[in-house]
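Trainee: I would like to take a close look at one part of this model, with the charged side chains in mind. Could you guide me through it once it is on the screen?

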Amino acid sequence: MTCLSVNVNKIAVLRNSRGGNDPDVLRAAAACLDAGAHGITVHPRPDQRHIRADDVHVLSTLTRARGVEFNIEGNPFAPPRPGYPGLLPLCEQTRPAQATLVPDGDGQLTSDHGFDFARDGERLRPLITALKGCGCRVSLFVDAGNPDIAMAAAIGADRVELYTGPYAEAFANGAPDAALALFADAARRAQAAGLGVNAGHDLSQANLGRFLAHVPQVLEVSIGHALIGEALYEGLDATVRSYLRIIGQRR
């Protein structure tokens, strides 16, 4: 079964644009879980432009109370600064079910590439060990074309998250077949190395079903931007349920 983890960063973006606590990230996350989502994802960044450290703590309490997965994404190499203790300290404090490591810099609008294991593998190894010591499953953000996906297992990761931006772009351009073949091959290579496969970035109701129909044994999709945008028209409850129907039809 493919699980749906809802990324609530965009709720925090809207809240932060005016200050205060409206819209309420906690209430939005609870609404997603009430509708059947399997977990909640956050990606706190050092500049605190959306999810903040205090949100991470509150959402950790919610997900633990509900018995669902909490997935914290972030750059493990980003140093702490006022208001942001760093990814590893946040995970040590909140003990999420999953930590997804992403090589995004401060200047990036959004995550747009995966790790280069030849360059970063040995730097990641002790961080992965530390995170697993906190009880976290560790997933690494990767490009589907990365020839070294198996190295993720060698340095201790449990899963990889396939960066699906190129697939979404190919789908929007009406020519997804080559991208689907690339992603299916990446998933098989990862699974052959003993890794679980997650996927995320720019997945939507329009393109998710085809992706899951062609890419084998995707364990989890993390969806935020499209889901929150669609929910502006249909509501969070209806939108989350629509995604769950798409997942159910394809498994």
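Trainee: Does E69 count as buried or exposed, and at what relative accessibility?

Mentor: This is a predicted model, and within it E69 counts as buried, because its relative accessibility is 14%, which falls under the 20% limit for that class. The side chain of E69 meets that of R137 in a salt bridge, with 2.3 Å from N to O. This pair links distant parts of the chain, since E69 belongs to strand 3 (residues 69–74) and R137 to strand 5 (residues 137–142), 68 residues apart.

For context, the count of salt bridges comes to 13. One of them joins D55 and R15, whose closest N and O atoms are 2.8 Å apart; because D55 lies in helix 3 (residues 53–66) and R15 in helix 1 (residues 9–18), this pair ties together parts that are 40 residues apart in sequence. Here both D55 and R15 are buried.

A further salt bridge is formed by the side chains of D237 and R241, at 2.7 Å from N to O, and these two residues both lie in helix 11 (residues 236–250), four residues apart, or about one turn of the helix. D237 counts as partly exposed at 37% relative accessibility, and R241 likewise counts as partly exposed, at 37%. Finally, salt bridges also link R119, D120 and R123 in a network.

Definitions and conventions. Residues are numbered from 1 along each chain as its sequence is written. This is a predicted model: local features need pLDDT of at least 70, side-chain atom pairs count only at pLDDT 80 or more; totals for chains, interfaces and linings use all residues. Side-chain values use heavy atoms; hydrogens and water are left out. A salt bridge is a side-chain nitrogen of Lys or Arg within 4 Å of a carboxyl oxygen of Asp or Glu. Buried means under 20% relative accessible area, exposed over 50%, partly exposed in between (1.4 Å probe, protein chains only).
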